[in-house]
Amino acid sequence: MPVTSGNMTLKDATNDAIRDWCCNPSDTYYIIGSTVGPHPYPDMVARLQSVISEEIRKQLQEKEGRDYPDYLIACVGGGSNAAGSIYHYLDDNRVKLVLAEAGGKGVGSRMSAATIQLGKKGIIHGSRTLVMQSEDGQIEEPYSISAGLDYPGIGPMHANLAVSNRAAILSINDEEALEAAFELTQLEGIIPALESSHALGVLSKIDLKPEDVVVLTLSGRGDKDMDTYINTFNKK
């Protein structure tokens, strides 16, 4: 069922799903794939997605002879990919966690979805977290070229990682994400989803050594984003 309210992205889909669930509790289940919303959903999604970090541990042991990386990088919007990627490394201080959020047109442009950098403590969809809001506490509309990162809040797990300084949070703008996507496509033949392109944009912003073991998770394929990629390429 298409969502036509607001800017028709993740926040509005979540609004409509919770609204329908509350109005039809006798015959409706609420299911979400993001680490947002009321407890226990963020925790459930993170635990289910932890199969990603379980697989990372196994593959690193096979390929590198150790089960942890030096850097672990993921994009955050709804936060499920990031939560699953870092789950088994949350208490492992040997691993530097780097999360990429959507800077949109720039953090100071008023067209951004950099929730962790721009947000203040608040409540959205039943969870206490960092929320993009006005001085009166009204939710502000986020903007990102990527629909999956276009959310005015962040999962409470990621908000905690930010305020406790366990994870470094970097804002990646639209142009930086697009450039990173084109680079991966040219070098590896892998077309990433726009969400994942923001994680790729981190690589040029951190000081990596040749011997560092870096894991960067791609949360999806770029099939759904081909129109955006093609339009951007044609403009160039």
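Does arginine 110 count as buried or exposed, and at what relative accessibility? In this predicted model, arginine 110 has a relative accessibility of 71% and therefore counts as exposed, the cut-off for that class being over 50%. The residue is placed in the loop between β2 and α5 (115–118), and its phi lies near 65°, a positive value in a residue other than glycine.

Asparagine 165 likewise is not a glycine and has a positive phi, of about 65°. This asparagine is located in the loop between α6 and β5 and, with a relative accessible area of 66%, is exposed. A further backbone feature is the cis peptide bond that joins histidine 39 and proline 40, for which omega is about 10°; proline 40 belongs to the loop between α1 (10–23) and α2 (41–49).

When residues up to four places away in sequence are not counted, leucine 99 touches Ala74, Val76, Ala82, His158, Leu161, Ala167, Ala168, Ile169 and Leu170. In soluble globular proteins, nonpolar side chains tend to be buried together.

Serine 127, in strand β4 (residues 127–131), has a relative accessibility of 8% and so counts as buried, since the cut-off is under 20%. With residues up to four places away in sequence again left out, the contacts of serine 127 are with Gly37, Gly122 and Pro156.

The packing of two helices was also examined. Helix α7 (residues 174–188) packs with helix α9 (residues 226–235) at an angle of about 95°, and the axes of the two helices are 11 Å apart. Because angles of 65 to 115 degrees count as roughly perpendicular, this description applies to α7 and α9. On the side of α7 the contact is made by Leu178, Ala181 and Phe182, whereas α9 contributes Thr228, Tyr229, Thr232 and Phe233. The residues of this contact divide into 5 nonpolar and 2 polar, with no charged residue among them.

Terms used:
Residues numbered from 1 in each chain as written. Predicted model: local features only at pLDDT ≥ 70, side-chain atom pairs only at ≥ 80, totals over all residues. Heavy atoms only, no water. Axes fitted to C-alpha atoms, helices over the stretch in contact; angles between N-to-C directions. Helix = DSSP H or I, 4+ residues; strand = E, 2+ residues; numbered from the N terminus. Parallel < 35°, antiparallel > 145°, perpendicular 65-115°, else oblique. Contact = heavy atoms within 4.5 Å. Nonpolar A, V, L, I, M, F, W, Y, C, P; charged D, E, K, R; others polar. Buried < 20%, exposed > 50% of the residue type's maximum accessible area, 1.4 Å probe, protein only.
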